Number of protein chains: 2
Amino acid sequence: MLKRNTKSKQAVLELFISHQYGIKPDELIAQLPDFDKVTIYRILNSFLEDGIIHKAVSDDGSSYYFICKSCKEVHYHSHYHFKCSKCQKVECIEKEIEIIIPQNYSIENTNLWITGICEKCNKH
Amino acid sequence: MLKRNTKSKQAVLELFISHQYGIKPDELIAQLPDFDKVTIYRILNSFLEDGIIHKAVSDDGSSYYFICKSCKEVHYHSHYHFKCSKCQKVECIEKEIEIIIPQNYSIENTNLWITGICEKCNKH
DNA sequence: ATCATTAATGCAACTAATTTGCATTAATAA
DNA sequence: TTATTAATGCAAATTAGTTGCATTAATGAT
């Protein structure tokens, strides 16, 4: 729970707002040298709990954090994450996924990760 | 590349064959106490290269390995992985995913992870 | 079968990502 | 403006996975 508004929290939040792509913890740590990496991790976890950001693990195992735009109160992730194999940028794409699940299975959460080439890189 | 057929490789392969769910490295290590964890990891990597198994990273960041049934030569994963939040079992589900990607994006690889309740657990 | 070659193994040590403990610092409410 | 206690920084621990290297053992040739 975010109880006190500190400089480090403000700085992390600003980075999320100014950055339209998913961010990895080590990127945050590198861009915020005034703060300890432990602090960054703790802020990420508190933001996650508060629903300010959400987390997704890439198919290569690395964690990315995204600011919540349309996540709102219900934290069911109907969107997916796209990583461009050319420019390496990661985007949160707000499109519905259509999934066929077997009979008598039910869904609580989905995590779809797509690797490919983004629009910008396809134009070159 | 799998050049020599050793006891450890046989043991790992047998576990994959007898086990219809996804397996985590630490489960393999625990079930094969006669072999070193490094050996297990090296076998997993060689099996991956050989296309005998495939790997998927769960939404909580843990790696699961699955024996390839219908992966065949083309290693494009059109199926997905389902983790039951009740029994914790992980299954590789051989169903097509329907994904809408934005204009001018192209797909190289997909990794869809679904958490929910499996058929067996829904019956109780 | 037995020997030579070299792939595969086991151990120790390393790396990277993340977490925990604890003493100190600083945001907030009184 | 002070007291409370959340948040921080540092060091150390933890977990997953990798690397180096000497030793062992699978395999192909004799």
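Axes here are lines fitted to C-alpha atoms, for helices over the stretch in contact, and angles run from 0 to 180 degrees between N-to-C directions. The model is predicted, and in it the axes of α1(B) and α3(B) come within 10 Å and cross at roughly 70°. Because angles of 65 to 115 degrees count as roughly perpendicular, α1(B) is roughly perpendicular to α3(B).

**The helix pair in chain B**

- The crossing in which α1(B) passes α3(B) is right-handed.
- On the α1(B) side the contact is made by B:Ser8, B:Lys9 and B:Val12, which meet B:Thr39, B:Ile40 and B:Ile43 in α3(B).
- Sorted by class, this contact of α1(B) with α3(B) consists of 3 nonpolar, 2 polar and 1 charged residues.

**The surface near DNA strand C**

- Around DNA strand C there are 23 residues, of which A:Ser63, B:Lys3, B:Ser8, B:Asp36 and B:Thr39 come nearest.
- At least two residues of this surface are supplied by each of α2 (25–31) and α3 (37–50) of chain A, and likewise by each of α1 (7–18) and α3 (37–50) of chain B.
- The class composition of the surface near DNA strand C is 9 charged, 7 polar and 7 nonpolar residues.

**The make-up of chain A**

- Chain A has 4 helices and 6 strands, and along the sequence these follow the pattern α-α-α-β-β-β-β-β-β-α.
- Of its 124 residues, 24% count as buried.
- Among the contacts in chain A with a separation of 6 or more, 55% are between residues 24 or more positions apart.

Methods
Residues are numbered from 1 along each chain as its sequence is written. Chains are lettered from A and ligands numbered from 1 in the order in which they are written. This is a predicted model: local features need pLDDT of at least 70, side-chain atom pairs count only at pLDDT 80 or more; totals for chains, interfaces and linings use all residues. A residue is near a molecule or strand if its C-beta atom, placed from the backbone, lies within 6 Å of it. Ala, Val, Leu, Ile, Met, Phe, Trp, Tyr, Cys and Pro count as nonpolar, Asp, Glu, Lys and Arg as charged, and the others, Gly among them, as polar. A residue is buried if 20 or more other C-beta atoms lie within 10 Å of its own, exposed if 12 or fewer, and partly exposed in between; C-beta atoms are placed from the backbone. Two residues are in contact if their C-beta atoms, placed from the backbone, lie within 7 Å. Angles under 35 degrees count as roughly parallel, over 145 as roughly antiparallel, 65 to 115 as roughly perpendicular and the rest as oblique. A crossing is left-handed if the near helix is turned anticlockwise from the far one by less than a right angle, and right-handed if clockwise.
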